[in-house]
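Grab your viewer and let's work through some ring geometry. Each exercise comes with a worked solution.

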Amino acid sequence: MGLVMDAAEMNAFLRRAFLEVAGDFHVEHVDDAGVTLRLLVQDRHLRPGGTVSGPAMFALADVTAYMVTLAHIGPRALAVTTNCSIDFMRKPVSGVDLIGRGRLLKLGKQLSVSDVLIYSEGDEHPVARASLTYAIPPQGVDLNT
């Protein structure tokens, strides 16, 4: 299945359907290989010691998997996470954004499975990796977005 949304459409969808977090994320790139998403790190994403918190990294992994799914199925606000496994591998670099690189491993009618690697901007070594499964609502069952 080919791409049905580009980066500009995804960013507009985030702003429209998820206003409360849209300012935290920016879809940088979309192609057949996957999606690159940026977490615009702010003080509220940090934990004591100045590193990015685990919940912020989880959010980046989750939104990256969501975007890689939507890239192939179109804007579906009601697609939801049904499973996530995340490994935190090293401390993120202080003072830089985090980059999520997601790829779709399997897309079915009801589920999508994705893999996400998270990097500190400018560092080639991943700080976390996640495997996520999304439940896809039936065609026509969604919000008006």
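Which residue lies over the face of Y119, and at what distance from the ring centre? Keep in mind that this is a predicted model.

Solution. Look above the Y119 ring: R101 sits over its face, 4.7 Å from the ring centre.

**Exercise 1.** Find how many aromatic pairs the whole structure has, then classify the one made by F18 and Y66.

Solution. Step one: the search turns up four aromatic pairs. Step two: for F18 and Y66, the ring centres are 5.8 Å apart and the planes meet at 85°. Step three: planes over 60 degrees apart count as edge-to-face, so that's what this pair is. F18 is in the loop between α1 (7–17) and α2 (19–22), while Y66 belongs to helix α3 (residues 54–73), so the contact ties together parts 48 residues apart in sequence.

**Exercise 2.** Work out whether F18 and Y66 are buried or partly exposed.

Solution. The cut-off for buried is under 20% relative accessible area. F18 comes in at 22%, so call it partly exposed.

**Exercise 3.** Now do the geometry and location of the pair Y66 and Y134.

Solution. Centre to centre you get 5.4 Å, with 25° between the planes, and the pair is stacked. Y66 is in helix α3 and Y134 in strand β8 (residues 126–135), so this pair joins parts 68 residues apart in sequence. Y134 counts as buried, at 4% relative accessibility.

**Exercise 4.** Which residues do ring pairs link into a cluster?

Solution. Follow the ring pairs and you collect F13, F18, Y66 and Y134.

Key. Residues are numbered from 1 along each chain as its sequence is written. This is a predicted model: local features need pLDDT of at least 70, side-chain atom pairs count only at pLDDT 80 or more; totals for chains, interfaces and linings use all residues. Side-chain values use heavy atoms; hydrogens and water are left out. Rings of Phe, Tyr and Trp (its six-membered ring) pair if their centres lie within 6.5 Å; planes under 30 degrees apart count as stacked, over 60 as edge-to-face and the rest as tilted. Helices (H or I, at least four residues) and strands (E, at least two) are DSSP runs, numbered from the N terminus. Buried means under 20% relative accessible area, exposed over 50%, partly exposed in between (1.4 Å probe, protein chains only). A charge sits over a ring if NZ of Lys or CZ of Arg is within 6 Å of the ring centre and within 35 degrees of the ring normal.
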